[in-house]
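Colleague: I am new to this one. Please show me the chain, and then take my questions in turn.

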Amino acid sequence: MTMIAMFPTTIGEFDLKVDNNKILDKLKKIKYKDTYVNNKEASALISDEYNVLKYFPSLKKQILKKVYEYSNEHKYMNEKYKIQCSWSTKTKPKAFSQFHSHSHSFFSGVYYPVAKRGFNISFQKPYDDTVFWDKYVQSHNYFNCSQFTLPVRDNLLLIFHSYLKHRIESNEAFEDRYSIAFNITPKGLIGYDDKLINIS
Ligand SMILES: [Fe+2]
């Protein structure tokens with residue numbers, strides 16, 4: 001039998017070549033603010049500023065290059081992309097984030113300069129097919145899972161469509177977990193006829 005994965009959810013995975021320790025040093029010096037709603041200890045912290053990639057020109061260049069690679073795999077016709085914002089996240093041991101997606105964005109991504117065992121990110125299936133029949137399975141695979149957890153590694157870059165819900169899993173390491181997240185928008189002329197828009 002051949003299984004046809006008809007509308008797969010994609011995540012681009014890239015190993016970058018940048019000075020990750022230098023990036024981590026800088027991330028440790030950036031100012032962070034709380035994102036908590038009712039549990040301060042368990043919440044990830046986010047940088048005060050939304051253009052942290054300005055500190056890392058080489059990283060920024062590599063990210064944009066990989067965005068084009070990821071887009072090309074989907075055969076999209078967008079010719080240009082821009083990084084509309086970037087921020088860093090600091091997650092203390094045992095802290096985590098809630099599932100969320102990034103609004104007003106086409107692609108999103110996250111870069112990990114230095115990873116430890118216990119740094120994980122999870123992605124949620126984009127639709128809920130358990131409303132009527134919940135499916136009990138012998139073991140999980142790509143076809144039946146509703147959530148997918150990826151361990152992260154040094155210099156790892158992940159790029160995905162911004163609608164995809166994700167969360168920082170509980171930091172099970174003894175050290176703070178740092179990452180840089182970003183949103184990507186196409187720019188220039190997009191579409192045609194009555195669907196044509198021009199994003200500067
Ligand atoms: Fe996010």
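Modeller: Terms come before anything else. Helices (H or I, at least four residues) and strands (E, at least two) are DSSP runs, numbered from the N terminus. This is a predicted model: local features need pLDDT of at least 70, side-chain atom pairs count only at pLDDT 80 or more, and totals for chains, interfaces and linings use all residues. Residue numbers start from 1 along each chain, as its sequence is written.

Colleague: In what pattern do the helices and strands follow along the sequence of the protein chain?

Modeller: The protein chain has two helices and 11 strands. Read in sequence order, the pattern is β-α-β-β-α-β-β-β-β-β-β-β-β.

Colleague: What is the radius of gyration of the protein chain?

Modeller: That radius is taken over C-alpha atoms, and the globule rule is 2.2 Å times the number of residues to the power 0.38. For 200 residues the rule gives 16 Å, and the chain's value is close to that, so the chain is as compact as a globular protein of that length. The radius of gyration is 18 Å.

Colleague: What percentage of the 200 residues count as buried?

Modeller: Count the other C-beta atoms within 10 Å of a residue's own, with C-beta atoms placed from the backbone: 20 or more is buried, 12 or fewer is exposed, and in between is partly exposed. Of the 200 residues, the buried share is 24%.

Colleague: Which residues of α2 are exposed on the face turned away from its buried side?

Modeller: Start with the buried ones: L59, I63, V67, Y70 and S71. They cover an arc of only 110° around the axis, which puts them on the same side of α2; the arc is that of the directions from the helix axis to the C-beta atoms. The face turned away carries the exposed residues P57, K61, K65, E69 and N72.

Colleague: Which elements do the buried residues of α2 pack against?

Modeller: A contact means two C-beta atoms, placed from the backbone, within 7 Å. By that test, the buried residues of α2 pack against β1 (11-15), α1 (20-29), β4, β5, β8 (156-161) and β10.

Colleague: How far apart are the end C-alpha atoms of α2?

Modeller: The expected span of a helix is 1.5 Å times one less than its number of residues. Helix α2 (residues 57-73) has 17 residues and should span 24 Å. The computed distance agrees: 25 Å.

Colleague: Which residue in β10 stands opposite K90?

Modeller: Two strands pair if DSSP finds at least two bridges between them. Strand β4 is joined to β10 (residues 177-190) by 11 antiparallel bridges. K90 is also the bridge partner of L45, where β3 (residues 45-47) pairs antiparallel with β4 over two bridges. In β10, the residue opposite K90 is Y178.

Colleague: Is K94 buried or exposed?

Modeller: K94 lies in the loop between β4 (80-91) and β5 (107-112). Its phi is near 75°, a positive value in a residue other than glycine. With 12 other C-beta atoms within 10 Å, K94 is exposed.

Colleague: How many other C-beta atoms lie within 10 Å of H104?

Modeller: H104 is also found in the loop between β4 and β5. Its phi is positive, about 55°, although H104 is not a glycine. H104 is exposed, and the count is 9.
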